[in-house]
Amino acid sequence: MLELVLTVVNLVIFAVCFTVGTAKAAAARSDRDTTLRITASVLLCASMVYLLSAPAVYRAVGTLTGSPSLPSLLVSSAILLCVGHAHLLTLLWHPRRRTPDALHRQVIVWAPMYGLAIAAMVVLFWTADLTGPARPLSFATSYAHVPAAFVFEMVYLAALVAGIIATVRQCRGPDGVIALPERPELSDSLRLFAVAVALDFAYVVCTAAAVITAACGSHSLDFLAAAGSVASSTSALVASYGLAKPALAAREAERADHASLLDLWETVTEATAGTERPQMTLWNRRYALSDLLAEILDGAHSLRPWMSPAPAQAVQALAETHPGGSKLDPPDLKALQTAATIRYARQRRDVARQLGLPTPIDTPAATSVEKTPPTLARARQVLIAKKLSDPLVAQALNRMS
């Protein structure tokens, strides 16, 4: 019954990790971002850990390959690769250690450690006498009496500890990524990493105690191996969520910005009450926000003939006399002026079209929409969108009516 439950749970987690990892790998094909590629790789690697750890799959792979315990080697190697991925990610997250020279030095130091550990594990595994049946939940303690299998476990646990310590040092301490003000968006993810690392240490301690005791002829602590396995699986889940959290937060921010920009889109385009609003769906999520921003900028440009510096001047005058207006930050004031300019231009255009008036000659616009750097365009347009219904904008327009 326990094996059935663990098989179902592991397969569900495998499906989630594999799906997210595949999606990130597809995105990495066009994004060319190293961090995104490594994140995709570690999620796919973690998914293999869960797949092969499922007791039913463990037994099936062992039967198909003629080596009942082979999945233990594959799972242990995959876990070390996951730790190596996490180690590399913390290097890439560090503003001062992600330079090519610094990364090159770290790779030269650590890649041989992970590589040699896995190579030694492969040699020890095939040297060990593992003629017994598959033991998906108790491999470490069941074969602890076999010298090569015992050394296999010790090499694996030692490499795991070395990788964990190195990763923790990258995250914490006075110069760790958590302490760096340049990377505030990673603080939550790295705290989750810290929890995952603590669980990994619990796994190492429990497994080492169980294996050493079993090697001495006593199986009284075998339950610790099972407890360690649960800690390891939980660690992988927490770490995977930590990796996914920045992406999830970015997606949520994109959805929020998309919703905020819809009012601005309606204002600057030909949209009417019956016009269908652009939607952000699962299928167009990657391009929906960019397309919306492009339409907004095009629409703002089309309003230029009806734009006037008067609304911006009215907002400026009101801000100087309005309570708290003098405390407005320059970006907020500029966004208010731009919002007023856009709303006024839309009103003038609608009136002109109702009266059948010709389009006036284009004049320099009293807005800096086109001058905004591309990297700041999204934040700039979102701020303008939020100011469209600001009371100060409404007062400025009422003054001009």
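These exercises walk through a predicted model of a protein.

**Exercise 1. Find how many helices and strands the protein has, and what share of its residues is buried.**

Solution. 
- Start with the elements. The protein has 14 helices and zero strands.
- Next, read along the sequence. The pattern is α-α-α-α-α-α-α-α-α-α-α-α-α-α.
- Then turn to burial. The protein has 401 residues, and 45% of them count as buried.
- Finish with the contacts. Take those between residues at least 6 apart in sequence: 76% join residues at least 24 apart.

**Exercise 2. Decide whether helix 2 and helix 4 are roughly parallel or roughly antiparallel.**

Solution. 
- Locate the helices. Helix 2 covers residues 34-53, and helix 4 covers residues 70-93.
- Recall what is needed. Two packed helices are described by the angle between their axes and the distance between the axes.
- Take the values. The angle is about 160°, and the axes are 9 Å apart.
- Apply the cut-off. Angles over 145 degrees count as roughly antiparallel.
- Conclude. Helix 2 and helix 4 are therefore roughly antiparallel to each other.
- Helix 2 passes helix 4 in a left-handed crossing.
- Look at the residues that meet. Helix 2 brings residues including Ile38, Val42, Cys45 and Val49. Helix 4 brings residues including Leu74, Ala78, Leu81 and His85.
- Sort the residues of this contact.

**Exercise 3. Work out how helix 5 and helix 7 are arranged, and what kinds of residue make their contact.**

Solution. 
- Take the values. Helix 5 and helix 7 pack at about 165°, with axes 8 Å apart.
- Compare with the cut-off of 145 degrees, above which an angle counts as roughly antiparallel. Helix 5 and helix 7 are therefore roughly antiparallel.
- Note the crossing. Helix 5 passes helix 7 in a left-handed manner.
- Name some partners. Trp110, Met113 and Tyr114 are among those of helix 5, while Val151, Phe152 and Tyr156 are among those of helix 7.
- Sort them. The contact of helix 5 with helix 7 holds 16 nonpolar residues, two polar and no charged.

**Exercise 4. Find which residues have the most contacts inside the largest nonpolar core.**

Solution. 
- Size the core. The largest nonpolar core has 43 residues.
- Pick out the residues with the most contacts inside this core. They are Leu80, Tyr156 and Leu160.
- Trace the suppliers. Helix 2, helix 3 (55-65), helix 4, helix 5 (100-127), helix 7 (147-171) and helix 8 (187-215) each supply at least two residues of this core.
- Zoom in on leucine 160. Leaving aside neighbours within four places in sequence, leucine 160 is in contact with Ile79, Leu80, Val83, Tyr203 and Val204.
- Look elsewhere. A second, separate core has 36 residues, including Ile296, Ala319, Leu336 and Ala396.

**Exercise 5. Say whether tryptophan 306 and aspartate 188 are buried, partly exposed or exposed.**

Solution. 
- Use the cut-off. Buried means under 20% relative accessible area. Tryptophan 306 has 6%, so it is buried.
- Check its contacts. Beyond neighbours within four places in sequence, tryptophan 306 touches Ala345, Arg348, Arg349, Ala352, Arg353, Thr359 and Pro360.
- Now place aspartate 188. This residue lies in helix 8.
- Read its area. Aspartate 188 has a relative accessible area of 40%, so it is partly exposed.
- The C-alpha atoms of aspartate 188 and lysine 245, 57 residues apart along the chain, are separated by 8.2 Å.

Conventions. Residues are numbered from 1 along each chain as its sequence is written. This is a predicted model: local features need pLDDT of at least 70, side-chain atom pairs count only at pLDDT 80 or more; totals for chains, interfaces and linings use all residues. Side-chain values use heavy atoms; hydrogens and water are left out. Axes are lines fitted to C-alpha atoms, for helices over the stretch in contact, and angles run from 0 to 180 degrees between N-to-C directions. Helices (H or I, at least four residues) and strands (E, at least two) are DSSP runs, numbered from the N terminus. Angles under 35 degrees count as roughly parallel, over 145 as roughly antiparallel, 65 to 115 as roughly perpendicular and the rest as oblique. A crossing is left-handed if the near helix is turned anticlockwise from the far one by less than a right angle, and right-handed if clockwise. Contact means heavy atoms within 4.5 Å. A nonpolar core is a set of buried Ala, Val, Leu, Ile, Met, Phe, Trp, Tyr and Cys residues joined through side-chain atoms within 4.5 Å. Buried means under 20% relative accessible area, exposed over 50%, partly exposed in between (1.4 Å probe, protein chains only). Ala, Val, Leu, Ile, Met, Phe, Trp, Tyr, Cys and Pro count as nonpolar, Asp, Glu, Lys and Arg as charged, and the others, Gly among them, as polar.
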